[in-house]
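Student: I have this model open and would like to talk through how it packs. Could we look at it together?

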Amino acid sequence: MRADLHTHSDASDGTDSPAEVMRRAALAGLDAVALTDHDTVAGHEQARRALPEGLTFWPGMELSCRLDGRSVHLLAYLFDPGYAELAEQTRRIRDDRVLRAQAMVRRLADLGAAITWEQVAAIAGTAVVGRPHIARAMAAGGVVATPADAFTSDWIADGGRAYVARYALDPSYGIRLVRAAGGAAVLAHPRAARDASTSDDQIVALAAAGLAGIEVFHPDQSAAQRAGLLGLARDLGLVATGGSDDHGSLTGYRIGCETTPQAAYDALLAQATGAEPIRRG
């Protein structure tokens, strides 16, 4: 079993369509793939229609949360997208993402970065707007050499000169919403950020709130970090998952570079009742 349970499409801040994500997942030799766009399920229908034979599709979402003043993310799997409270909260998050992005563009203009909201909106199209869209506009305008260079304290990294906070959920509330919708919630890449990781004590509290798992196998987490997270997952009875966090060209087309072990896949599947994985062939 090779299952990548963390990918993004152009329904949020990835560069490829949901159909192309499914195609690349099959080419990577995956048995299963989750589409986990930020705060939206808009790409799910296209992914289902384009699902190659032999590949299993997990409906998912990466839910924006805030803990002690900083951003954390929950990977929500196999939930009922029609559950009213979850749908309303994700709508509110998406609406505030637009206001936040517009405010960041204004701050960038004040800093001398020659980009406009119209440029960012054109890049985002119908997708849920995020900082990667702003970063791509900055690179296209010559403000930075590459989109990755925008994510520094000089520009739009957390706490950076042009950074603006946005509406997000308390993760304990997010976990409860996902569970109420029949899904399973996994803490995304808790040690990937260099200057802001989720502490062991915070993870213990989230486990008590009903967290199903921790994303251990992630490209931006070191071997030492993975070992620590594996031990914590064992102690707390949490599922240790893995995924590429692929964003298409923004992350170098890395789908399938990290996967979820078979036992973890089965354990996570057993906890979710809101939706079923979909398999063709």
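**Packing, strands and loops**

Student: Beyond its neighbours within four places in sequence, which residues is Ile203 in contact with?

Tutor: Apart from those sequence neighbours, Ile203 is in contact with Leu187, Pro190, Arg191, Thr198, Ile214, Leu229, Leu232, Leu236 and Leu238, where contact means heavy atoms within 4.5 Å. Please keep in mind that this is a predicted model, in which local features need pLDDT of at least 70 and side-chain atom pairs count only at pLDDT 80 or more, while totals for chains, interfaces and linings use all residues. Residues are numbered from 1 along each chain as its sequence is written, and side-chain values use heavy atoms, with hydrogens and water left out.

Student: Which residues touch the most other members of the largest nonpolar core?

Tutor: That core has 29 residues, and Leu63, Leu74, Leu86, Ile203, Leu211, Ile214 and Leu238 touch the most other members. Several elements give two or more residues to this core, among them strand S3 (56-67), strand S4 (70-77), helix H3 (84-110) and helix H7 (200-208); S3 gives the most, with four residues. There is also a second, separate core of 20 residues, which includes Ala113, Ile115, Ala135 and Trp155.

Student: What do "core", "buried" and "strand" mean here?

Tutor: A nonpolar core is a set of buried Ala, Val, Leu, Ile, Met, Phe, Trp, Tyr and Cys residues joined through side-chain atoms within 4.5 Å. Buried means under 20% relative accessible area, exposed over 50%, and partly exposed in between (1.4 Å probe, protein chains only). Helices (H or I, at least four residues) and strands (E, at least two) are DSSP runs, numbered from the N terminus.

Student: Now S1: what does that strand join up with?

Tutor: S1 covers residues 3-7, and five of its five residues are buried. Three bridges join S1 to strand S2 (residues 32-35), and the two run parallel; strands pair if DSSP finds at least two bridges between them. Val33 in S2 is the bridge partner of Asp4.

Student: Which side of H1 do its buried residues take?

Tutor: The buried residues of H1 are Pro18, Val21, Met22, Arg24 and Ala25. They lie on the same side of H1 because they cover an arc of only 165° around the axis, taken from the directions from the helix axis to the C-beta atoms. These buried residues pack against S1, S2, helix H2 (44-49) and S3.

Student: What does the Arg24 side chain make a polar contact with?

Tutor: Its partner is the side chain of Asp16, at 3.0 Å, a polar contact being a pair of N or O atoms within 3.5 Å, one able to donate a hydrogen and the other to accept it within protein, with residues adjacent in sequence counting only if both atoms are side-chain atoms. Arg24 counts as buried, at 10% relative accessibility.

Student: And His8, buried or exposed?

Tutor: His8 is buried, with a relative accessible area of 0%, although its place is in the loop between S1 and H1. Its side chain and that of His6 are joined by a polar contact of 3.1 Å.

Student: Last topic: which residue other than glycine has a positive phi near 60°?

Tutor: That is Asp39, which lies in the loop between S2 and H2 and is buried at a relative accessible area of 0%. Leu78 also has a positive phi, of about 55°, although it is not a glycine; Leu78 sits in the loop between S4 and H3.
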